[in-house]
Amino acid sequence: MKCLILAPFHFDALARLRQLGEVVYESWLDTGQLTDPEELGARLAAEAFDVLITEADFIFEETLAAAPGLQFIGVCRGDVGQHVDMDAAAERGVIVVNTPGRNAVAVAELAIGLMLSLARKIPAAHTQIRAGQWQSAVDNLTKWQGIELYGRTVGLIGYGAIGRAVAKRLLAFEMNVLVYDPYIQPEALNLPPEIHLVALDDLLHQSDFVSLHCPLNEETSGLIGARELALMKPTAYLINTARAALVDEAALLAALREKHLAGAGLDVHLIEPLPPNSPWLQLDSVVLTPHIGGATGDVIRHHSEMIVAEIERWANAVNVT
């Protein structure tokens, strides 16, 4: 086996792959750029790679046509279809595997971190202390008065791997958990009694925190607009660690400016990076992070182990054959 790895990869997984054959490791994080799809196809053919592991690179039909010896593609992400031409791969008999749930814990923990940051005003308090402005005891009970997660209601929109990871952890905070996901079968989930499936409008109306964990598609684009935001409590917070386009950005800005919402925690943005004149930077009620939901070393370890396990199974099957 000869393998080209363009994704960030854990050293333990690299060692396992090298037991199967030659491995060339060139992470895009190290090179600072993605590989041109046409150039990638030519290289795969010229150097006779039969296994390719990517994360952010694009593999088009032309890429596959240029590399007839390629047999296996491992994609270190959940949404494979956006990066690999699956129809072209199937036509050529190229196996494609992905890593669903690789970042579920990382994103879940960030979502909860955003909730805590908003509830206790952690970023603003930190900034003020760094500026040398320690508050008096009276100020602590006025300016910095926050809320507890305990006993409050969180509404999760989407109950896939990330939504389930968030729910599991928020139960430890003794929160009430509501879930909206029209694609799941309640009888197959075996939900604990503390989690309740509800309609979207009911979730928005009842929740103190609304956290988005659904994929972006034609049905979910703009899912949270002016009508939906108006259903939320004026004391509620919106958390988005999924996809920016799930939310009508103009409507959310208006709701925050007009105090129809208490605040928002956003890891994803329609324009990335945020420009210096972004209106989001002018709002004290918003906690922003730069799309870091899956940015942990543990995620790299998770996807590396998942891909290597698939390659080992494939290699063993090929050897047996």
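In which loop does K121 lie? K121 lies in the loop between helix 6 and helix 7, and K121 is also among the residues nearest the centre of the second largest pocket. The model is predicted: local features need pLDDT of at least 70, side-chain atom pairs count only at pLDDT 80 or more, and totals for chains, interfaces and linings use all residues. Residues are numbered from 1 along each chain as its sequence is written, and side-chain values use heavy atoms, with hydrogens and water left out.

**Backbone features**

- K121 has a positive phi of about 55 degrees although it is not a glycine.
- A cis peptide bond, with omega of about 0 degrees, joins E272 and P273.
- P273 is found in the loop between strand 11 (263-266) and strand 12; helices (H or I, at least four residues) and strands (E, at least two) are DSSP runs numbered from the N terminus.
- Most residues other than glycine have a negative phi, and most peptide bonds are trans.

**Largest pocket**

- The largest pocket has a volume of about 1400 Å³, and of its 49 lining residues D79, N103, I162, A242 and R243 are the closest to its centre.
- On a 1 Å grid over the protein atoms alone, a pocket is an open set of points with protein on both sides within 12 Å along at least five of seven lines, a cavity is a set where a 1.4 Å probe fits but cannot get out, and lining residues have an atom within 4 Å of a point.
- Grid points are joined across faces, edges and corners, and a volume is the space filled by probe spheres set on the points.
- Helix 2 (28-31), helix 6 (104-120), helix 9 (161-171) and helix 14 (297-320) each supply at least two lining residues, and helix 14 gives the largest share, three residues.
- The lining comprises 25 nonpolar, 16 polar and eight charged residues, where Ala, Val, Leu, Ile, Met, Phe, Trp, Tyr, Cys and Pro count as nonpolar, Asp, Glu, Lys and Arg as charged, and the others, Gly among them, as polar.

**Second largest pocket**

- The second largest pocket has a volume of about 710 Å³.
- Its lining has 29 residues, and K121, A262, D284, S285 and V286 lie nearest the centre.
- Helix 6, helix 7 (122-130), helix 13 (249-257) and strand 12 (286-288) each give two or more residues to this lining.
- By class, the lining of the second largest pocket has 17 nonpolar, five polar and seven charged residues.

**Packing of helix 6 and helix 9**

- Helix 6 and helix 9 pack at an angle of about 50 degrees with their axes 8 Å apart; axes are lines fitted to C-alpha atoms, for helices over the stretch in contact, and angles run from 0 to 180 degrees between N-to-C directions.
- Helix 6 is therefore oblique to helix 9, since angles under 35 degrees count as roughly parallel, over 145 as roughly antiparallel, 65 to 115 as roughly perpendicular and the rest as oblique.
- In the contact (heavy atoms within 4.5 Å), residues including A104, V105 and M115 of helix 6 meet residues including A161, I162 and L170 of helix 9.
- The residues of this contact divide into 12 nonpolar, no polar and two charged.

**Cavity**

- A search of the whole structure finds one cavity of 30 Å³ or more.
- The largest cavity holds about 80 Å³ of space, and its lining residues include N240, E249, H269 and W280.
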